[in-house]
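Reader: I'd like a close look at the charged pairs here, taken slowly, and then a walk out to whatever surrounds them. Could you take me through that in one go?

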Amino acid sequence: QEVAAQNDLETKRWALRSVVGRYESNLKGLRPDVNPDAPNPTNMDAWVTQAEGKGFAVRLAQQQVAVSQWEIERNKRANDWTLDLVSNAGMSVASGSGSANTPQTARNGAIGIQFAKPLFTNGATDARIREALANVEKLRNDIETARRIAAQSTRAAYLGVVSGISGVQAQQ
């Protein structure tokens, strides 16, 4: 057990090195009077529920669903009328020739509104809508996967903390 503990310590020192960038050989141990507190709340299910609802990966997946739903609406409106404000401006200068050396300048500009409606999209809009719907379904499954991973990770972390506290108390 002592050899296994030494090997485990060495492995964890090298893992620490990969995080901090140097090998630490003089790690301080726990003080003899340390008394770690149990997680608060002490119910593992409360931690799991919080992780499933507020975990980063879960929230990210939920936001991706919202964006995909917006894409569905945007694609549905691709065949609607559009109203655009259009303008252009230009200027041309012609240099004088012959006996009249005076340059001639012409300026023109236009401002208007333009209505447009696509007449034929060859099914492209419907295909984009179907693709966006499939993407939403996939992302909803990703939310469930993220919740399961968050729950599993939280349970493992909670049990690790409780086990660590029990180990410290047993060693004392």
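Author: Asp8 and Lys12 sit four residues apart in helix α1, which is about one turn of the helix. Helices here are DSSP runs of H or I with at least four residues, strands are runs of E with at least two, and both are numbered from the N terminus. The side chains of Asp8 and Lys12 meet in a salt bridge, at 3.0 Å from N to O. That term means a side-chain nitrogen of Lys or Arg within 4 Å of a carboxyl oxygen of Asp or Glu. Side chains of opposite charge can pair when their charged atoms come close.

Before going on, a word on what you're looking at: this is a predicted model, where local features need pLDDT of at least 70 and side-chain atom pairs count only at pLDDT 80 or more, while totals for chains, interfaces and linings use all residues. Residues are numbered from 1 along each chain as its sequence is written, and side-chain values use heavy atoms, with hydrogens and water left out.

Back to Asp8: it counts as partly exposed because its relative accessibility is 37%. The scale runs like this: buried is under 20% relative accessible area, exposed is over 50%, and partly exposed is in between, with a 1.4 Å probe and protein chains only. As for the helix that holds the pair, α1 covers residues 2–20, and its 19 residues at 1.5 Å a residue should span 27 Å; the end C-alpha atoms are 26 Å apart, which agrees.

Searching the whole structure turns up six salt bridges. One of them joins Arg74 and Glu71, at 2.9 Å from N to O. Both belong to helix α3 (residues 56–76), three residues apart, again about one turn. Arg74 is partly exposed at 43% relative accessibility, and Glu71 is partly exposed too, at 26%. There's also a network of salt bridges that links Glu73, Lys76 and Arg77.

Helix α4 (residues 124–171) has a pair as well: Glu144 and Arg148, four residues apart, about one turn of the helix. Their side chains meet in a salt bridge at 3.4 Å, N to O. Glu144 is partly exposed at 33%, whereas Arg148 is exposed at 57%.

Thr154 is buried, with a relative accessible area of 16%. Leaving out residues up to four places away in sequence, Thr154 touches Trp47, Val48 and Ala51, where contact means heavy atoms within 4.5 Å.

Ala51 leads us to helix α2, where Ala51, Glu52, Gly53 and Lys54 meet Phe56, Val58 and Arg59 of α3. The residues of that contact divide into three nonpolar, one polar and three charged. Here Ala, Val, Leu, Ile, Met, Phe, Trp, Tyr, Cys and Pro count as nonpolar, Asp, Glu, Lys and Arg as charged, and the others, Gly among them, as polar. The axes of α2 (residues 44–54) and α3 come within 5 Å and cross at roughly 30 degrees; axes are lines fitted to C-alpha atoms, for helices over the stretch in contact, and angles run from 0 to 180 degrees between N-to-C directions.

Last stop, the strands. Strand β1 (residues 82–94) has 13 residues and the number buried is zero, so β1 lies largely in the open. β1 pairs with strand β2 (residues 104–116) in the antiparallel sense over 13 bridges; pairing requires that DSSP finds at least two bridges between two strands. Gly90 stands opposite Asn108 in β2.

Methods: The expected span of a helix is 1.5 Å times one less than its number of residues.
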